[in-house]
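Morning, everyone. Please look at the structure on the screen while I talk.

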Amino acid sequence: MKKDNFCVIMAGGIGSRFWPLSSEKKPKQFLDILGTGRTLLQQTFDRFKKIIHTENIFIVTSSIYKNLVTEQIPEINENQILLEPFRRNTAPCISYANNKIKMINPKANIIVAPSDHIILNENKFLNVIEKGLKFVLENNSLLTLGIKPNRPETGYGYIQIEDNKKEIEDCSLVKVKTFTEKPNLELAKLFLKSGEFYWNSGMFLWSLESITKAFEEHLPEVNELFTKDLSAYNTKKEKDFIESVYARCKNISIDYGIMEKTKDVFVICSDFGWSDLGTWSSLYEHSEKDQFKNSINSKNVCTYDTKNCIINLPKGKTAVLQGLDNYIVVEKNNTLLICKKEEEQQIRNFVHQINLK
C-alpha cells in the first residue's frame, strides 16, 4: 500500500428508489440489502481497505447519518467522517474531501466511489483501481471507470470513447469523447449497438493536483468557497466553516461541473461484475431466483401463476400472490409497495406524494 493513495467514499444519498425498504432515516447504503451480513457501506469499506491504508479512507455523508457511520465503520476515527450539513450533490462533496486531504497530504492520489455499488469480481476490480492510481500519478489527467454495457440500460449515464484504445492487461484506457445523461430506450439501444459507449460507473481517480486545477478552471466559485480558510480543516473550526460554505454553495454534480467540461479526461474500461444497485430491478438481476424466475426473500411467501417478480417482505410476514408477472412487491414498517418493474422510476414520485400527505 502506498501512503499517498487515498479513498473517498460518498455515502450521503437518501436511497429513495429502494423505498420502502430504504428510508431517509436509514437509506440503502446502511442496509444489508444482499443478505451477506454486511451493509453496502461496510462492503465498500472492506473492499478498499485491501489496497488503501485505513487512515487514508474518508467517508462523506449527511450530518444526520454520523451515528450510522460510526456504528458500522468503527475502524475509522471521527476526523475521517466528513459531515455535510445540506445535500449539494457530488461536486461540493468532492471539493470538501479534496481540501481536507490536501491539508494532510498535498501529494495525494484519490479514488472517489459511491458507497452502494456491487462488485462481483473484487480482485479484478482492485487490480483496475491500482492501475488507475498509477496512471493518475504519472499523468495530469482525470480518470473515470467505464463499464462495458450488456443491455440498453436507461438508468445509467454513458461515456462515449474515442478510437485510440490503449490495452493494459485485462482493461483498456481510452480518452473520453462525450458524456451523456440517462438516455431513453431507443438511444440506449443505439449506444449498445455502436460499441462506442460505456456505462458511467460514477467512480473517479485523479491526483489532488489535477482535480484542484479542474475546480479552479471550471468551478471557481465552488473552489473559492472551500479554500477560503484552509486552516480550518482537521481542526475544531472545520464544522462551522463547512456549514457556512454549504449554506452558500450551489447544487451541482461532478459530472456536469467538471468531467463534461474538462478536455483531458480518460476512461479505464473493464468488466468486473459491476452494478450501482440503484433500483429494485438491479437487485433482482443479482438475486437468486426460483424456477419461475421469482426472487423471494422469505419462506412464508406462496406464489401461484406468478413469475419474474422480486418479493421482499419482513421476517415472519406471510403472503399469497397470484397472477403477477414482472412486479416489485415490498413491505417495510407497515408500508406496502406493489409496482410494475418497468414503472419503478415512478417510485421517487410515490415517495414525494406520500410525504406531502
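I'll take the cores, then the pocket, then some details on helices. Keep in mind that this is a predicted model.

Start inside. The largest nonpolar core has 46 residues. Which residues have the most contacts inside it? They are Ile110, Trp206, Phe215, Phe226, Ile254, Ile258 and Met259. Helix 3, residues 90-102, gives the most to this core, with six residues.

Now zoom in on Ile258. Leaving out residues up to four places away in sequence, Ile258 touches Leu142, Ile211, Ala214, Phe215, His218 and Leu219. There is also a second, separate core. That one has 43 residues, including Ile51, Ile59, Ile73 and Ile119.

Next, the largest pocket. Its volume is about 1300 Å³. Of its 42 lining residues, Arg17, Asn89, Thr90, Pro114 and Arg348 are the closest to the centre. Which element gives the most to the lining? Strand 10 does, with four residues. Helix 3 and strand 9 each supply at least two. By class, the lining has twelve nonpolar, 18 polar and twelve charged residues.

Back to helix 3, and to Lys102, which is found there.

Last stop, helix 5, residues 185-194. Asn184 caps its N-terminal end. A side-chain oxygen of Asn184 lies 3.3 Å from the backbone nitrogen of Glu186. Just after helix 5 comes Gly195, with a positive phi of about 75°.

Notes:
Residues numbered from 1 in each chain as written. Predicted model: local features only at pLDDT ≥ 70, side-chain atom pairs only at ≥ 80, totals over all residues. Heavy atoms only, no water. Core = buried A, V, L, I, M, F, W, Y, C linked by side-chain atoms within 4.5 Å. Buried < 20%, exposed > 50% of the residue type's maximum accessible area, 1.4 Å probe, protein only. Contact = heavy atoms within 4.5 Å. Polar contact = N/O pair within 3.5 Å; in protein donor to acceptor, adjacent residues only side chain to side chain. 1 Å grid on protein atoms, 1.4 Å probe; cavity = no way out; pocket = protein on both sides within 12 Å on 5 of 7 lines; lining within 4 Å. Points joined across faces, edges and corners; volume = space filled by probe spheres on them. Nonpolar A, V, L, I, M, F, W, Y, C, P; charged D, E, K, R; others polar.
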